[in-house]
Amino acid sequence: MTTLGFIGLGTMGEPMCANLARKGGQPVSAFDLSPEPLARLAALGVARASSLAELSRGVDVVFLSLPGGRELAQVCDGDAGLLALSRKGQTVVDLGTSPVPLSRDLARRFAQRGVDYADAPVARTRQAAIDGTLSIMVGGSASVFARIETLLRTMASEVSHCGEVGAGQIAKILNNMVLAQTVAALSEALAIARNNGMDGARLFETLTKGSADSFALRNHGMKAMLPGVYPERAFSAEYMLKDMGYALDLAREGGVDARGAANVVDMLKRAIAAGDGACYWPVIARTLG
(Lines give C-alpha, C1' and ligand atoms only; values in the text may rest on other atoms or scores of the structure.)
Protein backbone atom coordinates (compact mmCIF):
# COMPACT_ATOMS: atom_id res chain seq x y z
CA MET A 1 0.00 0.00 0.00
CA THR A 2 1.28 3.46 -0.94
CA THR A 3 1.83 5.72 2.05
CA LEU A 4 1.18 9.45 1.73
CA GLY A 5 2.65 12.53 3.37
CA PHE A 6 1.33 16.09 3.45
CA ILE A 7 3.37 19.19 4.31
CA GLY A 8 1.62 22.52 4.87
CA LEU A 9 -1.81 22.65 6.52
CA GLY A 10 -2.86 26.24 5.96
CA THR A 11 -6.01 27.70 4.44
CA MET A 12 -5.98 25.28 1.50
CA GLY A 13 -3.70 22.53 2.76
CA GLU A 14 -5.78 21.38 5.71
CA PRO A 15 -8.99 20.69 3.75
CA MET A 16 -7.00 19.08 0.90
CA CYS A 17 -5.26 16.78 3.35
CA ALA A 18 -8.62 15.98 4.94
CA ASN A 19 -10.07 14.89 1.60
CA LEU A 20 -6.97 12.86 0.82
CA ALA A 21 -7.39 11.05 4.13
CA ARG A 22 -11.14 10.52 3.69
CA LYS A 23 -11.09 9.32 0.10
CA GLY A 24 -7.60 8.07 -0.65
CA GLY A 25 -7.88 4.77 1.16
CA GLN A 26 -4.18 4.91 2.09
CA PRO A 27 -2.31 5.93 5.25
CA VAL A 28 -1.61 9.67 5.50
CA SER A 29 0.82 11.48 7.76
CA ALA A 30 1.24 15.25 7.95
CA PHE A 31 3.67 17.90 9.12
CA ASP A 32 3.04 21.55 9.94
CA LEU A 33 4.48 24.09 12.35
CA SER A 34 1.00 24.75 13.78
CA PRO A 35 -0.44 22.07 16.07
CA GLU A 36 -4.11 23.01 15.60
CA PRO A 37 -4.71 21.60 12.09
CA LEU A 38 -2.75 18.47 13.02
CA ALA A 39 -5.07 17.95 15.98
CA ARG A 40 -8.16 18.36 13.80
CA LEU A 41 -6.84 15.98 11.14
CA ALA A 42 -6.04 13.35 13.76
CA ALA A 43 -9.79 12.74 14.01
CA LEU A 44 -9.62 11.54 10.38
CA GLY A 45 -6.75 9.18 11.09
CA VAL A 46 -3.96 11.43 9.84
CA ALA A 47 -0.75 10.66 11.72
CA ARG A 48 1.29 13.56 13.07
CA ALA A 49 4.93 13.68 11.97
CA SER A 50 7.20 15.49 14.40
CA SER A 51 9.63 16.58 11.69
CA LEU A 52 10.29 16.60 7.97
CA ALA A 53 12.71 13.73 8.51
CA GLU A 54 10.07 11.58 10.20
CA LEU A 55 7.52 12.31 7.49
CA SER A 56 9.89 11.71 4.58
CA ARG A 57 11.21 8.50 6.06
CA GLY A 58 7.78 6.90 6.20
CA VAL A 59 6.00 7.85 2.96
CA ASP A 60 6.08 7.10 -0.77
CA VAL A 61 4.35 10.25 -2.06
CA VAL A 62 4.89 13.70 -0.51
CA PHE A 63 2.40 16.51 -1.15
CA LEU A 64 3.40 20.10 -0.38
CA SER A 65 0.93 22.97 0.06
CA LEU A 66 3.04 26.02 0.83
CA PRO A 67 2.49 29.78 0.40
CA GLY A 68 4.97 30.27 -2.43
CA GLY A 69 8.35 29.66 -3.97
CA ARG A 70 10.36 30.99 -1.04
CA GLU A 71 8.74 28.55 1.38
CA LEU A 72 9.04 25.70 -1.12
CA ALA A 73 12.78 26.31 -1.47
CA GLN A 74 13.18 26.52 2.32
CA VAL A 75 11.47 23.15 2.82
CA CYS A 76 13.42 21.43 0.05
CA ASP A 77 16.93 22.82 0.51
CA GLY A 78 19.54 22.38 3.20
CA ASP A 79 20.92 19.45 5.16
CA ALA A 80 17.53 18.90 6.82
CA GLY A 81 15.46 19.67 3.72
CA LEU A 82 13.31 17.39 1.68
CA LEU A 83 15.92 16.95 -1.05
CA ALA A 84 18.51 15.66 1.39
CA LEU A 85 15.94 13.47 3.13
CA SER A 86 14.38 11.97 0.00
CA ARG A 87 14.99 8.41 -1.13
CA LYS A 88 14.90 6.71 -4.49
CA GLY A 89 11.43 5.77 -5.65
CA GLN A 90 9.55 8.57 -3.91
CA THR A 91 7.32 11.11 -5.66
CA VAL A 92 7.08 14.76 -4.65
CA VAL A 93 4.05 16.83 -5.67
CA ASP A 94 3.96 20.61 -5.22
CA LEU A 95 0.35 21.77 -4.84
CA GLY A 96 1.31 25.41 -4.34
CA THR A 97 1.90 28.16 -6.86
CA SER A 98 5.64 28.52 -7.41
CA PRO A 99 8.00 30.08 -9.97
CA VAL A 100 8.46 27.97 -13.08
CA PRO A 101 12.29 28.03 -12.96
CA LEU A 102 12.20 26.79 -9.35
CA SER A 103 9.85 23.94 -10.26
CA ARG A 104 12.11 22.82 -13.09
CA ASP A 105 15.24 23.13 -10.97
CA LEU A 106 13.75 21.10 -8.14
CA ALA A 107 12.56 18.44 -10.59
CA ARG A 108 16.11 18.15 -11.95
CA ARG A 109 17.66 17.91 -8.50
CA PHE A 110 15.12 15.39 -7.20
CA ALA A 111 15.66 13.30 -10.34
CA GLN A 112 19.35 13.08 -9.45
CA ARG A 113 18.25 11.27 -6.29
CA GLY A 114 15.86 8.97 -8.14
CA VAL A 115 12.78 10.92 -7.03
CA ASP A 116 9.94 11.93 -9.38
CA TYR A 117 8.52 15.45 -9.20
CA ALA A 118 5.32 17.12 -10.38
CA ASP A 119 4.00 20.65 -10.06
CA ALA A 120 0.25 20.51 -9.43
CA PRO A 121 -1.00 23.95 -8.35
CA VAL A 122 -4.64 24.24 -7.37
CA ALA A 123 -7.26 26.76 -8.45
CA ARG A 124 -10.62 27.80 -6.97
CA THR A 125 -11.59 28.75 -3.44
CA ARG A 126 -11.15 27.44 0.09
CA GLN A 127 -14.74 26.20 -0.07
CA ALA A 128 -13.79 24.20 -3.15
CA ALA A 129 -10.87 22.76 -1.19
CA ILE A 130 -13.31 21.75 1.56
CA ASP A 131 -15.76 20.27 -0.95
CA GLY A 132 -13.05 18.49 -2.97
CA THR A 133 -13.95 20.42 -6.12
CA LEU A 134 -10.68 22.18 -6.86
CA SER A 135 -9.15 22.42 -10.32
CA ILE A 136 -5.59 21.06 -10.39
CA MET A 137 -3.17 21.77 -13.22
CA VAL A 138 -0.34 19.26 -13.45
CA GLY A 139 3.13 19.50 -14.92
CA GLY A 140 5.08 16.27 -15.07
CA SER A 141 5.76 13.21 -17.16
CA ALA A 142 2.88 11.08 -18.38
CA SER A 143 3.96 8.22 -16.11
CA VAL A 144 4.06 10.43 -13.02
CA PHE A 145 0.67 11.93 -13.89
CA ALA A 146 -0.82 8.45 -14.23
CA ARG A 147 0.55 7.55 -10.81
CA ILE A 148 -0.82 10.58 -8.96
CA GLU A 149 -4.04 11.38 -10.82
CA THR A 150 -6.29 9.23 -8.63
CA LEU A 151 -4.84 10.84 -5.50
CA LEU A 152 -5.36 14.32 -6.89
CA ARG A 153 -8.98 13.50 -7.69
CA THR A 154 -9.66 13.06 -3.97
CA MET A 155 -9.16 16.84 -3.76
CA ALA A 156 -10.41 18.04 -7.13
CA SER A 157 -13.23 17.68 -9.64
CA GLU A 158 -10.94 18.81 -12.48
CA VAL A 159 -7.43 17.45 -12.97
CA SER A 160 -5.61 18.56 -16.14
CA HIS A 161 -2.27 17.26 -17.41
CA CYS A 162 -0.74 20.41 -18.91
CA GLY A 163 2.62 19.02 -20.04
CA GLU A 164 6.07 18.48 -18.58
CA VAL A 165 7.28 19.93 -15.28
CA GLY A 166 6.54 23.67 -15.12
CA ALA A 167 3.50 23.53 -17.38
CA GLY A 168 1.14 23.21 -14.44
CA GLN A 169 2.61 26.35 -12.89
CA ILE A 170 2.36 28.23 -16.18
CA ALA A 171 -1.32 27.33 -16.52
CA LYS A 172 -2.12 28.25 -12.91
CA ILE A 173 -0.21 31.54 -12.99
CA LEU A 174 -1.92 32.59 -16.22
CA ASN A 175 -5.29 31.47 -14.85
CA ASN A 176 -4.78 33.88 -11.97
CA MET A 177 -3.53 36.60 -14.31
CA VAL A 178 -6.69 36.41 -16.46
CA LEU A 179 -8.92 36.22 -13.38
CA ALA A 180 -7.23 39.21 -11.75
CA GLN A 181 -7.59 41.34 -14.86
CA THR A 182 -11.27 40.40 -15.09
CA VAL A 183 -11.81 41.44 -11.48
CA ALA A 184 -9.95 44.68 -12.15
CA ALA A 185 -12.32 45.39 -15.05
CA LEU A 186 -15.31 44.59 -12.83
CA SER A 187 -13.92 46.94 -10.17
CA GLU A 188 -13.72 49.74 -12.70
CA ALA A 189 -17.20 49.02 -14.05
CA LEU A 190 -18.69 48.99 -10.55
CA ALA A 191 -17.05 52.27 -9.59
CA ILE A 192 -18.06 53.96 -12.86
CA ALA A 193 -21.67 52.79 -12.55
CA ARG A 194 -22.04 53.92 -8.94
CA ASN A 195 -20.36 57.27 -9.60
CA ASN A 196 -22.81 57.88 -12.43
CA GLY A 197 -25.92 57.03 -10.45
CA MET A 198 -26.53 53.37 -11.35
CA ASP A 199 -27.09 50.70 -8.74
CA GLY A 200 -24.15 48.28 -8.69
CA ALA A 201 -26.25 45.20 -8.08
CA ARG A 202 -28.45 46.03 -11.05
CA LEU A 203 -25.35 46.50 -13.21
CA PHE A 204 -23.87 43.14 -12.27
CA GLU A 205 -27.19 41.33 -12.65
CA THR A 206 -27.51 42.81 -16.14
CA LEU A 207 -23.95 41.82 -17.05
CA THR A 208 -24.74 38.17 -16.19
CA LYS A 209 -27.22 38.23 -19.10
CA GLY A 210 -24.72 39.49 -21.66
CA SER A 211 -21.30 38.76 -23.07
CA ALA A 212 -19.57 40.15 -19.97
CA ASP A 213 -20.84 37.23 -17.88
CA SER A 214 -18.06 35.27 -16.16
CA PHE A 215 -17.06 33.16 -13.15
CA ALA A 216 -15.35 36.24 -11.75
CA LEU A 217 -18.55 38.29 -12.05
CA ARG A 218 -20.75 35.71 -10.35
CA ASN A 219 -18.30 34.87 -7.57
CA HIS A 220 -15.82 37.65 -6.91
CA GLY A 221 -18.08 40.42 -8.15
CA MET A 222 -21.46 39.49 -6.71
CA LYS A 223 -20.31 37.73 -3.54
CA ALA A 224 -17.44 39.98 -2.47
CA MET A 225 -17.34 43.29 -4.32
CA LEU A 226 -21.05 44.19 -4.22
CA PRO A 227 -21.43 43.70 -0.45
CA GLY A 228 -17.87 44.89 0.19
CA VAL A 229 -16.97 41.74 2.10
CA TYR A 230 -13.28 40.83 1.95
CA PRO A 231 -12.51 38.39 4.77
CA GLU A 232 -9.10 37.36 6.00
CA ARG A 233 -8.03 33.69 5.83
CA ALA A 234 -9.05 33.70 2.18
CA PHE A 235 -6.73 34.17 -0.82
CA SER A 236 -5.27 37.53 0.16
CA ALA A 237 -4.11 40.55 -1.81
CA GLU A 238 -0.56 39.71 -0.75
CA TYR A 239 -0.87 36.18 -2.17
CA MET A 240 -2.34 37.45 -5.43
CA LEU A 241 0.48 39.99 -5.72
CA LYS A 242 2.95 37.11 -5.44
CA ASP A 243 1.23 35.22 -8.25
CA MET A 244 1.00 38.31 -10.43
CA GLY A 245 4.71 38.81 -9.93
CA TYR A 246 5.25 35.30 -11.27
CA ALA A 247 3.04 36.18 -14.26
CA LEU A 248 5.09 39.28 -15.04
CA ASP A 249 8.29 37.24 -14.75
CA LEU A 250 6.91 34.82 -17.34
CA ALA A 251 5.87 37.74 -19.55
CA ARG A 252 9.35 39.25 -19.46
CA GLU A 253 10.96 35.89 -20.19
CA GLY A 254 8.60 35.48 -23.16
CA GLY A 255 9.13 39.02 -24.44
CA VAL A 256 5.53 40.10 -23.82
CA ASP A 257 4.54 43.60 -22.66
CA ALA A 258 1.77 42.53 -20.25
CA ARG A 259 0.32 45.95 -19.43
CA GLY A 260 -2.97 44.61 -18.12
CA ALA A 261 -1.17 42.44 -15.59
CA ALA A 262 1.04 45.38 -14.59
CA ASN A 263 -2.08 47.45 -13.92
CA VAL A 264 -3.42 44.78 -11.55
CA VAL A 265 -0.08 44.69 -9.75
CA ASP A 266 -0.41 48.44 -9.19
CA MET A 267 -3.94 48.01 -7.80
CA LEU A 268 -2.79 45.23 -5.48
CA LYS A 269 0.11 47.32 -4.21
CA ARG A 270 -2.26 50.22 -3.51
CA ALA A 271 -4.63 47.91 -1.61
CA ILE A 272 -1.75 46.57 0.48
CA ALA A 273 -0.45 50.08 1.18
CA ALA A 274 -3.96 50.98 2.40
CA GLY A 275 -3.79 48.19 4.97
CA ASP A 276 -5.81 45.57 3.08
CA GLY A 277 -3.00 43.14 2.31
CA ALA A 278 -4.44 40.32 4.41
CA CYS A 279 -7.95 40.74 2.98
CA TYR A 280 -9.52 38.66 0.21
CA TRP A 281 -7.87 39.98 -2.92
CA PRO A 282 -10.94 41.45 -4.75
CA VAL A 283 -10.47 44.19 -2.16
CA ILE A 284 -8.67 45.94 -5.03
CA ALA A 285 -12.13 47.37 -5.77
CA ARG A 286 -11.59 49.70 -2.82
CA THR A 287 -8.67 51.36 -4.58
CA LEU A 288 -11.18 52.98 -6.95
CA GLY A 289 -13.23 54.54 -4.16
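Ser 187 lies in helix α9 and, leaving aside neighbours within four places in sequence, is in contact (heavy atoms within 4.5 Å) with Met 225, Met 267, Ile 284, Ala 285 and Leu 288. With a relative accessible area of 2%, Ser 187 is buried, a word that stands for under 20% relative accessible area, while exposed stands for over 50% and partly exposed for what lies in between (1.4 Å probe, protein chains only). The model is predicted, so local features need pLDDT of at least 70 and side-chain atom pairs count only at pLDDT 80 or more, whereas totals for chains, interfaces and linings use all residues. Residues are numbered from 1 along each chain as its sequence is written, and side-chain values use heavy atoms, with hydrogens and water left out.

- Helices (H or I, at least four residues) and strands (E, at least two) are DSSP runs, numbered from the N terminus.
- Just after α9 comes Gly 197, with a positive phi of about 90°.
- Helix α6 (residues 100-111) packs against α9 at an angle of about 160°, with the axes 9 Å apart, the axes being lines fitted to C-alpha atoms, for helices over the stretch in contact, and the angles running from 0 to 180 degrees between N-to-C directions.
- That angle makes α6 roughly antiparallel to α9, a label for angles over 145 degrees, whereas those under 35 count as roughly parallel, 65 to 115 as roughly perpendicular and the rest as oblique.
- On the α6 side the contact is made by Val 100, Ser 103 and Arg 104, and on the α9 side by Gln 169, Ile 170 and Ile 173.
- These contact residues of α6 and α9 divide into three nonpolar, two polar and one charged, where Ala, Val, Leu, Ile, Met, Phe, Trp, Tyr, Cys and Pro count as nonpolar, Asp, Glu, Lys and Arg as charged, and the others, Gly among them, as polar.

**The pair α10 and α11**

- The axes of α10 (residues 200-207) and α11 (residues 215-225) come within 11 Å and cross at roughly 170°, which makes α10 roughly antiparallel to α11.
- Phe 204, Glu 205 and Leu 207 of α10 meet Leu 217, Gly 221, Met 222 and Met 225 of α11, a contact made up of five nonpolar residues, one polar and one charged.

- Helix α12 (residues 237-253) has 17 residues and reaches 24 Å from its first C-alpha to its last, close to the 24 Å expected at 1.5 Å a residue.
- Buried residues of α12 include Ala 237, Met 240, Asp 243 and Tyr 246, and their cover includes α4 (69-76), α9 (167-195) and α13 (259-276).
- Val 283, in the segment after α13, is buried with a relative accessible area of 0% and touches Tyr 230, Ala 237, Ala 271 and Asp 276, not counting residues up to four places away in sequence.
- Although Val 283 and Gly 228 are 55 residues apart in sequence, they are 7.8 Å apart in space, C-alpha to C-alpha.

**Arginines with positive phi**

- Arg 124, in the loop between β7 (122-123) and α7 (126-131), has a positive phi of about 95° although it is not a glycine, and is partly exposed at 42% relative accessible area.
- Arg 233, found in the loop between α11 and α12, has a positive phi of about 60° although it is not a glycine, and counts as exposed at 56% relative accessibility.

Methods
Expected span 1.5 Å × (residues − 1).
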